[in-house]
Amino acid sequence: MSATSPYLLQHAQNPVDWWEWGSDAFDEARGRDVPVLLSVGYAACHWCHVMAHESFEDETTAAYMNGHFVNIKVDREERPDVDAVYMAATTAMTGSGGWPMTVVLDHDGNPFFAGTYFPDQPRHGQPAFTQVLQALSEAWTQRRSEIGAVAENVRQHLAAISGAAGAAGDWQVDVDAAVETLAGEFDPMAGGFGGAPKFPPSMVLEFLRRVAETGSRVPHMLSRTVAAMAGGGIYDQVGGGFARYAVDRGWVVPHFEKMLYDNAQLVGLYARLGTELGDRVARESADWMIRELGTAEGGFASALDADSEGVEGKFYAWTPGQLVDVLGADDGAWAAEVFEVTEAGTFEEGASTLQLRHRPDDTERLESVKARLLAAREQRVRPARDDKVVAAWNGLAISGLVDAGLLLGEPRYVEAAVAAGELLAGTHCVGLDTPPPSGSGGSTSDVRLLRVSRDGRAGAHVGVLEDYGCVASGFLALTQATGDSTWLDRATSLIDTALAHFRAEDGGFYDTADDAEALVTRPRDPSDNASPGGTSAMVHALVTAHALTGEGSYRTAAEEALAATSTLMAKAPRFAGWSLAAAATMKDGPLEIAVVGPPGPDRDALEAAARRRPGAVVVVADGARDDIPLLSGRTSVDGRAAAYVCRGFVCERPVTSPGDLAQTHT
């Protein structure tokens with residue numbers, strides 16, 4: 001196997017004869033007249049490792065798989081389109097989904113069986129994996145017509161659900177109704193929404209932040225959740241950064257894998273809160289992200305594994321005795337009390353995750369303890385790192401780091417964001433250096449994104465909609481951070497490509513381009529998951545691009561995409577947080593703020609006030625410039641720095657004090 005995916009390379013030495021996804025594998029299955037077994041997972045997936053150890057590394061199981069199936073291994077992070085199609089099938093056929101995902105296909109890629117993790121031995125009423133394989137092989141050879149009927153039914157179902165996102169409505173969503181629905185699902189004791197397991201609701205929280213003045217319950221839902229997550233075991237109290245989710249209601253025990261896409265969003269969210277807690281968590285997590293996920297080429301790796309030495313969470317959990325060994329008797333006992341480490345343990349085998357529900361008054365002692373624990377932890381066997389660079393998630397990282405850098409006064413965060421942007425522009429963007437055609441308005445024609453790279457070398461897999469939306473948003477964030485119009489040109493080139501190749505007939509978007517590889521169905525999912533969906537990511541990019549350029553077609557496209565998502569926003573706001581955040585900002589804006597004038601304290605104060613306005617698009621310059629249209633014609637006032645606050649390029653009288661800026665458009 002010649003793959004660049006770390007997940008596929010993990011399985012390269014399996015006795016299973018794995019194929020990569022492609023026509024060659026299906027031709028092989030057709031020639032041998034055997035079904036295709038598709039296994040989908042990702043490098044940091046704990047249960048993927050378990051199933052690999054139990055089944056894919058077992059010689060007997062592998063021999064049966066090789067003899068009766070053509071086996072395809074797919075990294076879901078590398079091929080989200082393949083994952084989306086067959087996850088929809090798995091959910092439809094079983095009522096739930098997850099990874100590892102196991103789907104069995106006919107020669108045309110139609111699924112007729114699906115499931116997730118299968119144990120090596122019968123367990124809790126679940127058949128062993130070998131029993132499943134034998135039953136499927138028997139059905140293929142003896143009951144082919146039944147298989148064909150099932151495959152056809154599933155194919156028709158997939159075609160139906162991918163055809164439209166839902167009836168289009170008014171993009172101006174009822175914010176109060178969405179808040180009411182969220183309040184009904186809010187956990188007032190533990191924060192967050194729903195029960196266990198609990199995932200960080202990053203996009204919903206940003207929506208709540210943007211509408212915090214609409215009702216008294218909104219600030220409570222926001223503040224309770226961000227505090228509960230930051231104080232729980234889901235947050236790495238020693239090294240910074242959040243785990244993927246908590247297995248319990250109270251955020252105590254995480255599933256320990258740490259994903260770039262979660263932390264990229266949470267760094268920005270906590271920085272935008274403007275609180276002591278928010279600043280601290282944003283700074284710690286940005287430092288962790290740069291330290292542990294940064295790559296030599298300037299990008300960010302995808303994830304850290306949950307396991308070390310084959311044990312989930314071993315790197316992160318502590319016993320009281322281990323604390324004493326590192327810190328001594330006094331500090332060890334104090335740390336056990338502060339971090340809620342007990343003899344019984346909160347995790348496994350008497351170990352505890354570290355929590356920090358109540359920050360002690362002696363912060364100097366706390367920081368000393370944390371530093372010593374971090375140094376001691378560095379001596380442990382580290383979890384593996386999935387070091388592929390995913391375009392969309394690096395776009396999110398750029399946006400998060402820009403916000404943290406600008407709001408916390410940390411230029412190195414912006415510098416890290418610029419480095420990641422240069423990697424994406426130079427390695428992931430194809431056609432970016434092609435001169436634009438005459439009359440194009442300066443936008444490079446048909447720039448394409450590649451989904452992943454590793455060690456500075458791009459893979460062959462094409463970008464999906466979330467890549468275009470998130471990377472364009474990242475480039476637009478860099479435009480605002482640096483004032484360099486090159487980033488604006490790069491962003492609008494990607495947006496123009498997305499509008500040309502991803503749009504649906506109803507004004508929404510498909511997740512794959514019109515000239516991408518044809519799958520059983522063309523995936524289209526308007527919802528958000530742990531990271532922004534392609535549609536909501538593109539809406540944010542369109543809105544920001546319109547604010548910077550005044551290009552009306554971008555605003556129109558954003559409104560049409562939100563209209564196509566209106567049903568989801570109304571009925572399931574938990575899964576449309578990023579679309580809701582965009583809709584809330586678009587209702588009366590967003591604010592477009594140009595700060596111009598000579599560098600110095602006055603301009604800095606105006607800039608700081610401008611960047612604290614929720615959803616505002618802000619650019620700063622010494623004077624008027626035409627390469628960024630929002631700056632065109634904007635001049636200082638009597639030699640003093642001034643802020644122009646606009647909506648739809650219609651501006652109020654320029655102001656010269658942060659206090660006046662705070663009162664504009666309120």
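This is a predicted model: local features need pLDDT of at least 70, side-chain atom pairs count only at pLDDT 80 or more; totals for chains, interfaces and linings use all residues.
Residues are numbered from 1 along each chain as its sequence is written, and side-chain values use heavy atoms, with hydrogens and water left out.

Searching the whole structure gives 3 cavities of 30 Å³ or more. Here a cavity is a set of points, on a 1 Å grid over the protein atoms alone, where a 1.4 Å probe fits but cannot get out; a pocket is an open set with protein on both sides within 12 Å along at least five of seven lines, and lining residues have an atom within 4 Å of a point. Grid points are joined across faces, edges and corners, and a volume is the space filled by probe spheres set on the points.

The largest cavity has a volume of about 820 Å³. Its lining counts 42 residues, with Arg210, Arg272, Ser399, Asp403 and Trp578 nearest the centre. Among the elements that give two or more residues to this lining are helix 9, helix 11 (260–273), helix 23 and strand 19 (617–621), but the largest share, 8 residues, comes from helix 16. Helices (H or I, at least four residues) and strands (E, at least two) are DSSP runs, numbered from the N terminus. By residue class, the lining of the largest cavity holds 21 nonpolar, 13 polar and 8 charged residues; Ala, Val, Leu, Ile, Met, Phe, Trp, Tyr, Cys and Pro count as nonpolar, Asp, Glu, Lys and Arg as charged, and the others, Gly among them, as polar.

The second largest pocket has a volume of about 710 Å³.

Beyond its neighbours within four places in sequence, Phe207 is in contact (heavy atoms within 4.5 Å) with residues including Val175, Leu182, Leu580 and Ala584.

The structure also holds 46 salt bridges, each a side-chain nitrogen of Lys or Arg within 4 Å of a carboxyl oxygen of Asp or Glu. Lys388 pairs with Asp75, the closest N and O atoms being 3.2 Å apart. The two partners sit 313 residues apart, Asp75 in strand 3 (residues 70–75) and Lys388 in the loop between strand 12 (385–386) and strand 13 (389–390). Lys388 is buried, at 1% relative accessible area, and Asp75 is buried at 2%; buried means under 20%, exposed over 50% and partly exposed in between (1.4 Å probe, protein chains only). Glu560 and Arg503 form another salt bridge, with closest N and O atoms 2.6 Å apart. Glu560 lies in helix 21 (residues 552–564) and Arg503 in the loop between helix 19 (485–501) and helix 20. Glu560 is partly exposed at 34% relative accessibility, and Arg503 is partly exposed at 29%. Finally, salt bridges that share partners join Glu206, Arg209, Arg210, Arg272 and Asp403 into one network.
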